[in-house]
Amino acid sequence: AAHPPSCTLGWLDGGAPAGRGGVLVQAGAVCLLELRACDRFGNAHARGGLDVEASLLPLVPADAVSDPAQRGQLGGRISLRSEVHVVDLGDGRYRISFAPCASGAHALNATVGGE
């Protein structure tokens, strides 16, 4: 079984780590990451089929977004969700891709089997 704390997540293209689990990205740039599923001993899975989900949530100053339709006021800040895609490569690796709505630091959350 997969052990989420032992899984690895690495950048393939389009962004960089931003500390505290965050990511630093440019608006509209396609970002690619790869999640490698591992067991509790750190051994990589050789097959796919796991339930892997990911989400990206930037919090930016409200004045950074010009389109009022995209503004969801929340205590002087807005949240813009970017669509995130996960593809099972069938060998224990999962490709995560997204094109963020805004530049800057974002919170990326990936779950394996709901954890």
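## W11 and the β1-β4 pairing

W11 has L33 in β4 as its bridge partner. Strand β1 covers residues 8-13 and strand β4 covers residues 31-36. The two pair in the antiparallel sense over five bridges. Pairing requires at least two bridges found by DSSP between two strands. Strands are DSSP runs of E with at least two residues, helices are runs of H or I with at least four, and both are numbered from the N terminus.

This is a predicted model: local features need pLDDT of at least 70, side-chain atom pairs count only at pLDDT 80 or more, and totals for chains, interfaces and linings use all residues. Residues are numbered from 1 along each chain as its sequence is written, and side-chain values use heavy atoms, leaving out hydrogens and water.

## The four-stranded sheet

β1 and β4 belong to an open sheet of four strands, in the order β1-β4-β8-β7. Its pairing is antiparallel. The edges are β1 and β7 (84-88), each of which pairs on one side only. On average, neighbouring strands of this sheet are turned by 25° against each other, direction ignored. For such angles, axes are lines fitted to C-alpha atoms, for helices over the stretch in contact, and values run from 0 to 180 degrees between N-to-C directions.

β4 is also joined to strand β8 (residues 93-98), by six bridges. These strands run antiparallel. C31 stands opposite F98 in β8, and E34 stands opposite R95.

## An aromatic pair across the sheet

The structure holds one aromatic pair. W11 and F98 form this pair, with 6.4 Å centre to centre and 70° between the planes, which is edge-to-face. Rings of Phe, Tyr and Trp (its six-membered ring) pair if their centres lie within 6.5 Å; planes under 30 degrees apart are stacked, over 60 edge-to-face, and the rest tilted. W11 lies in β1 and F98 in β8, so the pair ties together parts that are 87 residues apart in sequence.

F98 is buried, at 3% relative accessible area. W11 is partly exposed, at 23%. Buried means under 20% relative accessible area, exposed over 50%, and partly exposed in between (1.4 Å probe, protein chains only).

## E34, a buried residue of β4

E34 lies in strand β4. E34 is buried, with a relative accessible area of 18%. Its side chain makes a polar contact of 3.0 Å with that of R93. A polar contact is a pair of N or O atoms within 3.5 Å; within protein, one must be able to donate a hydrogen and the other to accept it, and residues adjacent in sequence count only if both atoms are side-chain atoms.

Leaving aside residues up to four places away in sequence, E34 touches T8, L9, G10, L12, L89, R93, Y94 and R95. Contact means heavy atoms within 4.5 Å.

## Pairings of β3

Three bridges join strand β2 (residues 15-17) to strand β3 (residues 22-25), and the two run antiparallel. Here A16 stands opposite L24. β3 also pairs with strand β9 (residues 104-112), in the antiparallel sense over four bridges. There V25 stands opposite G104.

## Whole-protein figures

The protein has nine strands and zero helices. Buried residues make up 30% of its 115 residues. Among contacts with a separation of 6 or more, 63% join residues 24 or more positions apart.

The protein exposes about 6,700 Å², and carbon and sulfur atoms supply 50% of it. Accessible areas come from the Shrake-Rupley method with a 1.4 Å probe; for residues, only the protein chains shown count as cover.
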